[in-house]
Amino acid sequence: MHETSAGGLVVDGIDGPREDQVAALIGRVDRRGRMLWSLPKGHIEVGETAEQTAIREVAEETGVQGDVLAALGSIDYWFVTEGRRVHKTVHHYLLRFSGGELCDDDVEVSEVAWVPVRELPSRLAYADERRLAVVADELIDRLQADGPAALPPLPVSAPWRRPQTHSRARHSRPDGRAPDRKNGRGLDP
């Protein structure tokens, strides 16, 4: 089974001093109770391009809006859910913050936070995403030195044509009902 998602790194203050730049991250609690920080992402829906999905998922999972500036790269990995082996590809983009306020109302997110861009390599839980943070840092340097024309062109992305089978094992309860949330934090008992 194959799944394709998209997401991104939205940066506030991208045109300002580097020490003032912050990026929106999402936190999820793992099975050991640890908070794992990552980039917002989600499934590409029918009729959406990867860029549109990145914008939508960032907004849904963090509460903030952004405009796509450049591709950061793709990550792919394997996992098993509901007895099926899944190959997942996630396309990531660098986004310029355009509005909104951080909130963790999304059922899949435990916390959201603005994190200084320079701290991303030490804060992100996954090595592949830490590598994307380095790419983002280089792209921000190019943007500040030479303007938007210095950024690589976005790859061509066609709208998604078929529905995806979404993995829900992590987010469902044994009785099959979706988890209930209170004020965007934690599961109801």
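Analyst: Buried means under 20% relative accessible area, exposed means over 50%, and partly exposed lies in between, with a 1.4 Å probe and protein chains only. This is a predicted model, in which local features need pLDDT of at least 70, side-chain atom pairs count only at pLDDT 80 or more, and totals for chains, interfaces and linings use all residues. Residues are numbered from 1 along each chain as its sequence is written, and side-chain values use heavy atoms, with hydrogens and water left out.

User: What percentage of the residues of the chain count as buried?

Analyst: The chain has 189 residues. By the cut-off of under 20% relative accessible area, the buried share is 43%.

User: How are the planes of Phe97 and Trp114 arranged: stacked, tilted or edge-to-face?

Analyst: Rings of Phe, Tyr and Trp (its six-membered ring) pair if their centres lie within 6.5 Å; planes under 30 degrees apart count as stacked, over 60 as edge-to-face and the rest as tilted. The structure holds 2 aromatic pairs. In one, the centres of Phe97 and Trp114 are 5.6 Å apart and the planes stand at 85 degrees, so the pair is edge-to-face.

User: Is Phe97 buried or partly exposed?

Analyst: The relative accessibility of Phe97 is 22%. Phe97 therefore counts as partly exposed.

User: Which kind of pair do Tyr77 and Phe79 form?

Analyst: Tyr77 has a relative accessible area of 31% and is partly exposed. The ring centres of Tyr77 and Phe79 are 6.1 Å apart, with planes at 40 degrees, so the pair is tilted.
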